[in-house]
Amino acid sequence: MSSKPLKQIHLAAHFPGVNNTTVWSDPAAGSHIDFDSFIHFARTAERAKFDFLFLAEGLRLREQGGEIYDLDVVGRPDTFTVLAALAAVTDRLGLTGTINSTFNEPYEVARQFATLDHLSEGRAAWNVVTSWDAFTGENFRRGGFLPREDRYSRAQEFLATATELFDSWDGSEIAADAGSGTFLRNARAGVFAHRGRHFDIEGRFNVPRSPQGRPVIFQAGDSEEGREFAAAGADAIFGRYGTLDAGREFYADVKGRLARHGRTHDQLKILPAATFVLGDTDAEAREIAHEVRRLQVSGQTAIKFLEHVWNRDLSAYDPDGPLPETDPLVGENTIALGRASVRQFRDPLATARQWRELARAKNLSIRELVIATTADQTFVGSAATIAGSIDALVQADAADGFILVPHITPGGLDAFADSVVPLLQERGVFRTEYEGTTLRDHLGLAVPAPASTPAPAPAPVS
């Protein structure tokens, strides 16, 4: 009886920027905006043979009480500029950018990604998201935002239109024959016409077909719509389930949808985000992890986080004291503007009751409760323990790999590259050298053929 072949693990690196999960005050931390930091981070990921680097994007600095605060990414440089610059200082590492479909235009975004794919020789990827709030929209248009149903229909048409633009060149048009003086075999290359509800454009796309044909498409939503979008047309999904049971359930659900869309099991990679803390021993790693969590959740951070649920100014409360006896203020207007985490608490009154019960049962202060109820590190232990945990989850079909989010930038990936990666390589589950040149090669994805009539894709979800 033959055993199941070992799955190869995919690893990626997320550059997190400045927020409460990044311990910027650590003496080892560096700038989150200087290009040297991006170079260090990217080159570490590349020497470790990671599949790609991942950049998130925030289109507005989020606020609480009218002020920027330490739960936000502050000062994020422009995604395309950073990735294009990194293309010049790396050779094989994939370059994934989060670009919003609500406040951009298909021609502009398609042109930027096709250009990045050319400059990087086939390493571009697009994490497609939408924007959900009027607060962010104020940076772009009067009235702030689109209604939910319009936002999703626009996103659906946006991606379909961008695909039409990518496919307006099939890759055979350029002859560049000096002998005959013929540069183009087909002088109608790049012609497109799209007539739709959100976009009515006609012209000529001016970037020839890139090495990957189209950028690798990522999706980061967990809703029903998000799962369906991933199954229908995404190449990878940026998940959030890093434990065995939750990961296997999500993996089976999303992979189980592929056949309905005429796709095979290996055409979609499921890559949860994962944090980690390394130590020489498991016990040392647990001690470090405890201290990291306390640095990530300061007293000020704990109060700000609690305000997401209570929707009130709680600045007068002692973070080392008990939870407020007053109930949350329920309503559409939230104290934290632009925070996606606010949407987690669909029923703040029920959440407050649960948290009070937990605090009473374990005698927790506000700060201790926030530490207990917000995400712990995904992997904590020695290099051998973490390598074993990652391998076990991937072989158990809880994930195809992980997008690692270090708590120190830019050097937080170094120890993982030096100690965990060699152990995964010894297990025979992670590459020792890149076998191809493009991101599609790294992920085991085929180059898509140009579609003569691109079909609309389901709407991506932020």
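Is Asp-327 buried, exposed or partly exposed? Asp-327 is partly exposed, because its relative accessibility is 40%. Here buried means under 20% relative accessible area, exposed over 50%, and partly exposed in between (1.4 Å probe, protein chains only).

The model is predicted: local features need pLDDT of at least 70, side-chain atom pairs count only at pLDDT 80 or more, and totals for chains, interfaces and linings use all residues. Residues are numbered from 1 along each chain as its sequence is written, and side-chain values use heavy atoms, with hydrogens and water left out.

**View 1. Asp-327 forms a salt bridge with Arg-356.** The closest N and O atoms are 3.1 Å apart. The pair links distant parts of the chain, 29 residues apart. Asp-327 sits in the loop between helix H9 (299–310) and strand E15 (336–337). Arg-356 belongs to helix H10 (residues 348–362). Arg-356 counts as buried because its relative accessibility is 12%. A salt bridge is a side-chain nitrogen of Lys or Arg within 4 Å of a carboxyl oxygen of Asp or Glu. Helices (H or I, at least four residues) and strands (E, at least two) are DSSP runs, numbered from the N terminus.

**View 2. Asp-150 forms a salt bridge with Arg-197.** The closest N and O atoms lie 2.5 Å apart. Asp-150 is in helix H5 (residues 148–166), and Arg-197 is in the loop between strand E9 (191–195) and E10, 47 residues apart. Asp-150 is buried at 17% relative accessibility. Arg-197 is exposed, with a relative accessible area of 60%.

**View 3. Arg-195 forms a salt bridge with Glu-202.** Their closest N and O atoms are 2.3 Å apart. Arg-195 is exposed at 53% relative accessible area. Glu-202 is exposed too, at 58%. The structure holds 26 salt bridges.

**View 4. Strand E12 (residues 236–239) is covered on both faces.** Ala-236 and Phe-238 are buried on one side, Ile-237 and Gly-239 on the other. E12 pairs in the parallel sense with strand E11 (residues 216–219) over two bridges. Two strands pair if DSSP finds at least two bridges between them. Phe-218 has Ala-236 in E12 as its bridge partner. Four bridges join E12 to strand E13 (residues 269–274), also in parallel. Gly-239 has Pro-272 in E13 as its bridge partner. From E12 the chain crosses through helix H7 (residues 244–255) to E13, in a right-handed β-α-β crossover. Right-handed means that, with the strands pointing away from the viewer, the path from the first strand over the helix to the second runs clockwise. E11, helix H6 (residues 224–233) and E12 also make a right-handed β-α-β unit.

**View 5. E7 and E8 form a hairpin with four residues between them.** Gly-181 in the turn has a positive phi of about 75°. E7 and strand E8 (residues 182–184) pair in the antiparallel sense over two bridges. Asp-177 stands opposite Thr-182 in E8. Ile-174 lies in strand E7 (residues 174–177).

**View 6. Leu-393 is buried, with a relative accessible area of 9%.** Leu-393 is found in helix H12 (residues 383–395). Neighbours within four places in sequence aside, its contacts (heavy atoms within 4.5 Å) include Gly-242, Thr-243, Leu-244 and Phe-402.
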